[in-house]
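Student: I have a model open and a few things to ask about it. Can we start with the pockets and then go on to the chains?

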2 protein chains.
Amino acid sequence: AKRGAPFPDDPFAQLWGAIEAVFKSWRTRRAQDYRKVNGIPDDLGTAVNVVAMVYGNMGDDSGTGVAFTRDCRTGQNVLNGDFLANAQGEDVVSGARTPEPIAKMKRGALAKVYRELERIADKLERHFRDVQDSEFTFEHGRLFMLQTRRAQRTGLAAVRSAVEMVDDGLITPDEAVQRVPPQDLDQLFHPMVDPRASVTVVAKGLPASPGAAMGEAVFDADEAEALAKRGRKVILIRPETSPEDFHGIVAAQAVLTARGGMTSHAAVVARGMGKTCVVGAKDIEVDPQAGRLRANGRVVKKGQVITVDGTTGRVILGAAKLVEPKVGVHYTKLMAWADERRRLRVRANADTPADAQRAREFGAEGIGLCRTEHMFFEGDRITAMREMIVAPDEPGRRAALARLLPMQRADFEGLFEAMSGYPVTIRLLDPPLHEFLPHTRDEVATLARAMKLPAARLERLVASLVEANPMLGHRGCRLGITYPEITEMQARAIFEAACRVVSRGKKVTVEVMIPLVALVEELRRQTEIVRRVAREVFQAEGRAVPYLVGTMIELPRAALTADEIAKEADFFSFGTNDLTQTTFGLSRDDAGRFLPFYVEHGILKDDPFQVLDQEGVGKLIELAVRLGRGSRNDLKIGICGEHGGEPASVKFCHHVGMNYVSCSPFRVPIARLAAAQAALEEQGVINRTRATV
Amino acid sequence: AKRGAPFPDDPFAQLWGAIEAVFKSWRTRRAQDYRKVNGIPDDLGTAVNVVAMVYGNMGDDSGTGVAFTRDCRTGQNVLNGDFLANAQGEDVVSGARTPEPIAKMKRGALAKVYRELERIADKLERHFRDVQDSEFTFEHGRLFMLQTRRAQRTGLAAVRSAVEMVDDGLITPDEAVQRVPPQDLDQLFHPMVDPRASVTVVAKGLPASPGAAMGEAVFDADEAEALAKRGRKVILIRPETSPEDFHGIVAAQAVLTARGGMTSHAAVVARGMGKTCVVGAKDIEVDPQAGRLRANGRVVKKGQVITVDGTTGRVILGAAKLVEPKVGVHYTKLMAWADERRRLRVRANADTPADAQRAREFGAEGIGLCRTEHMFFEGDRITAMREMIVAPDEPGRRAALARLLPMQRADFEGLFEAMSGYPVTIRLLDPPLHEFLPHTRDEVATLARAMKLPAARLERLVASLVEANPMLGHRGCRLGITYPEITEMQARAIFEAACRVVSRGKKVTVEVMIPLVALVEELRRQTEIVRRVAREVFQAEGRAVPYLVGTMIELPRAALTADEIAKEADFFSFGTNDLTQTTFGLSRDDAGRFLPFYVEHGILKDDPFQVLDQEGVGKLIELAVRLGRGSRNDLKIGICGEHGGEPASVKFCHHVGMNYVSCSPFRVPIARLAAAQAALEEQGVINRTRATV
């Protein structure tokens, strides 16, 4: 480049120029941005090492390469890497020549260099006590190490290398537990798109639920279900999903939506099932009527095969090559160490016996959140539910509820069976009633015929239930307060189910959770109903089952008055999804319009629905824990929002003194490991590793 | 009544029975309920006084009556009341005979009794230093006083009697200020339905904005405007109002809605204009298409005259007799005393020069909240606004904004002129953009033609802007962050207007307020824009105007991080409407479905949108004041929610150390008086009076 000055001939001028260039590079825009993103202080400064040059391009007994002390994809303890004979570093980087595996150096002229490399690599790993990624050059058969650093690795490799290093006496089990980034465990349980496969990405969205899956594009939940029943693999694609799409999500291999954030309906439901999901793929325009989507100039029609990569958020045309996961002995060993070290209990959010079973397999020690409303959408339950809603009076509602009772009881029996010996937290009905009703004119007319109601009356009713801000409307315990018969039915179903399961010799611990409490008086009145029904059921059944009644802390007001609320609650469970929404004044369904902009432009460091906002929401949580335990020192405290499976948030929960976290079954291992790391951190075992690939 | 025991003949048994009956009355359900409502402790107990009986029914020289030491409607210092000759108390109460005014006793046989009554009444008033409501009986010309108590009185009477008692040396000005219930001042400024008129009430709603008005029923804003232009008096009746009804509200005598709470759109707008308004009249079914409403079996058709009583919430058939208000010398004197005593400044929420003018007349010392969005609905501004919204890119938005600039600047000039010498707080654009767009298919098609856009494109755009929870969506400073050009235009209009008004010799103090801040970084970036534009305008105009940039504290997160936010803010203004919504997780538009139930059933003592919730929301406010002043001890702090004009809330604002409250112009006197009472309370001048009629 033209600098206005001739290139200096004096070697010292050259040297000083080079030294200056290095110092200057500390202040480039790119370096500043990098430091900002990675939280590296600007006043740290850089060093310049001046060393003699060695040459890899001095003939066939010279060369350069990169070596890894272990396999960074699998973790296998084998020296590996690439080299180029008669070349300098630039030749490798530029891609002008294709390097060869270093294993080729073992035999022949370079065998001595290889043995030396082996010896030094081993020494470096023992010194740094971690997998090394080293650059080397050899000049006329003499080996020089240029650089060495911690190697980036997959989750699988992180686990295996950590465990094997303990076996080799390089590190302690404490260090092994502290070293594996919890979120990387995710990679161990999901198929992945083969990183070496070449794919056509049509759009990118938010990686809402990890894994990869392929199938035929389908734009309707009923159709997804019908095709799945015939053994076809389908991907459900919707502008966004609602509870009415539930059966379609169940039937699909993966879910893709154009709208919604990390905690939108599709994301939460799919994650709960461990099903691959990409949401908020903004570039996609979904036309369910026409049965197609448009994205960046391409069209995907109904029946066309696509692959959804929920780990990266990619939407891929056609069937990409997938790699199946393997969980092995190293994982089991690492998690046993983690479990010995953590103080936090880890539960799962699970709504069905199948979910509960999966959660136990992942190591969950109970259910922290069973959302009862999902149970009302299946089969003919929705009909009874709708009859309850349209009933003109209490007797009408009671009649419909009586038909829901046995179904709900059967659900709970299944859950209690699957979770025998562990606590099960059941949240009473939470969503606004209009979520159970159809909304288009045609659907309402169909329902009216089925219910033998005048269509106009039903339409008026549906219209009267529509809310300007349903998130802040007639939902949660507000339903149970205005319609106590709903709370009664749910409590009856819970306690009857518990008695039945206990009579079969199982151990049941019930925790009834009252949602959306803002006022202690709400909790007091709902608790009264639950306790009364429990007494009635225990009397009738001739046996009692241990139970607690507690509340979600998901509104700022509940956190602010936690001392009062704790007087009526056996436990608190922080519903951090809603607490984040109300603390920020941010609807997770609508945040897609500006939240990505905020994160991209550094106004927010992380999406607060993914990573708990410790400065704001966290302050409320700390306050509530302090006030709550101040009133009642044996108060059991947990979290059941999406944050319960996010490592930094889990650590926060440990530090504020919660008893447990609860998260999607697939995130249970992540939470277990993060909880162990928090406990170790507290004891001064510090994690010096950074995130891996 | 049959009690199973015969009536006792023994006088002592009778006496003991009577005594017992009094004690028992303390425990009746009615008495318990009364104590609960009025906050009287249950363990206070009652006393029984046993006195000899006197008889008013011993002939024409005997009688009974009630006397008031002053006129309880006007406050005039004249003994008044009713009496019945030859009668006992029951005869007066039962209404069997019609009593006569006590003035009739002055002349004739009872003149001596009257003079004695006058003497005792005067003595009682001097003793109790308040207007007395006394029961008396005279037996054969001898007067006995049976009971005396503080007299209930109208706001007018409260003011006049308090001031005249100071003039008479009975009480101090401190006591006079402390004695008048602030909310009763409301009665002094609005016409009232004559309490003696007999009326037909068709429905009751929430008394959203006081006063009474009559007019023809109209069900459409355009029609209301058209009829008003022809000099007709109309009442605008809507299921609920939206910003598009603004011109109809302006044109109407009063507003009536079937839905919405005390802080719904109609309520807030009407209150701001001092216009009578009743909202949430649940029994009313409004059919705007058919031009009629149904309520409790009655129908009111378009053109029919009704009366709306915003003081009581009544909807009255036909033209009820109204009483016009009079503000006089006593009011002026009382308010002067109040102003000398208060520490809190009182501002008004005002969006137009006319509002500002009215606010000054009511004693406002500045504007605490000017909502700029209302300005965008008038005339052809809405067109420019809509062009801005539908613009495909930034240049398109800038072009539309350039057309809005002069209109907005003219608005601000008017405001600054009207408020010369006082601070004016202007809030930047707050509502979500879809509030400015039409929503029905037909309206969208009309707009598309006007804008020369394909209807389908506009429809898609409108649909894409619809939000699940607009209250928690893309609004407030989130608009200014994603579209900085909006903030730029508004800042330019503000500072250009300020410079122009200053150049005409007026004094302008500008406070620019950034709404809906959750993160300090939002405020930092918006403040940067405002300050940059200010510099540019001042440079171009060759003069500078003093200004502050501050923020609304209306989200829990802002309150929780107030220490950080204060570093970027010159002032805080608590937006307690939104802060109440987010702290409770309660949409004011939807709360009508359960909030009235909560208040009726004692789950909540007051509607938190009317009376500030000191236990929850108040805790956040206290925290924010403490954190904010901790960072910046000269931080100016005020409130601009509806609570700024509610006496108990104003007292709270005083106690937490705010600098000012801001409320609707008509509530300014209430706030002034409440602020004075808070200051007196702090000095130990206690209010012993209870609420009046």
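Student: What volume does the second largest pocket have?
Tutor: About 890 Å³. The model is predicted: local features need pLDDT of at least 70 and side-chain atom pairs count only at pLDDT 80 or more, while totals for chains, interfaces and linings use all residues. Residues are numbered from 1 along each chain as its sequence is written, chains are lettered from A and ligands numbered from 1 in the order in which they are written, and side-chain values use heavy atoms, with hydrogens and water left out.

Student: What counts as a pocket here?
Tutor: On a 1 Å grid over the protein atoms alone, a pocket is an open set of points where a 1.4 Å probe fits, with protein on both sides within 12 Å along at least five of seven lines; lining residues have an atom within 4 Å of a point. Points are joined across faces, edges and corners, and the volume is the space filled by probe spheres set on them.

Student: And how many residues line the second largest pocket?
Tutor: There are 28, and Gly602(B), Ile603(B), Leu604(B), Lys605(B) and Asp606(B) lie nearest its centre. Elements giving two or more residues to this lining include helix 19 (556-560) of chain A and helix 22 (595-600) of chain B. Helix 18 of chain A gives the most, with four residues. Helices here are DSSP runs (H or I, at least four residues), and strands are runs of E, at least two, both numbered from the N terminus.

Student: New topic. Which rotation puts chain B on chain A?
Tutor: One of 180°, with 0.1 Å of shift along its axis; the RMSD is 0.2 Å, superposing by least squares on C-alpha atoms of residues with pLDDT of at least 70 in both copies. The two copies are therefore related as by a two-fold rotation axis. Both use the same surface, as 100% of the contact residues of chain B recur in chain A, contact meaning heavy atoms within 4.5 Å.

Student: How much area do they bury?
Tutor: About 4,400 Å² between them, 58% of it on carbon and sulfur atoms. That is the accessible area (1.4 Å probe) lost on putting the two parts together, summed over both. On the chain B side, Leu472(B), Arg557(B) and Arg593(B) lose the most, together 15% of what that side buries.

Student: How many salt bridges cross the interface?
Tutor: Six, by the rule of a Lys or Arg side-chain nitrogen within 4 Å of an Asp or Glu carboxyl oxygen. Arg557(B) forms a salt bridge with Asp613(A), the closest N and O atoms being 2.7 Å apart.
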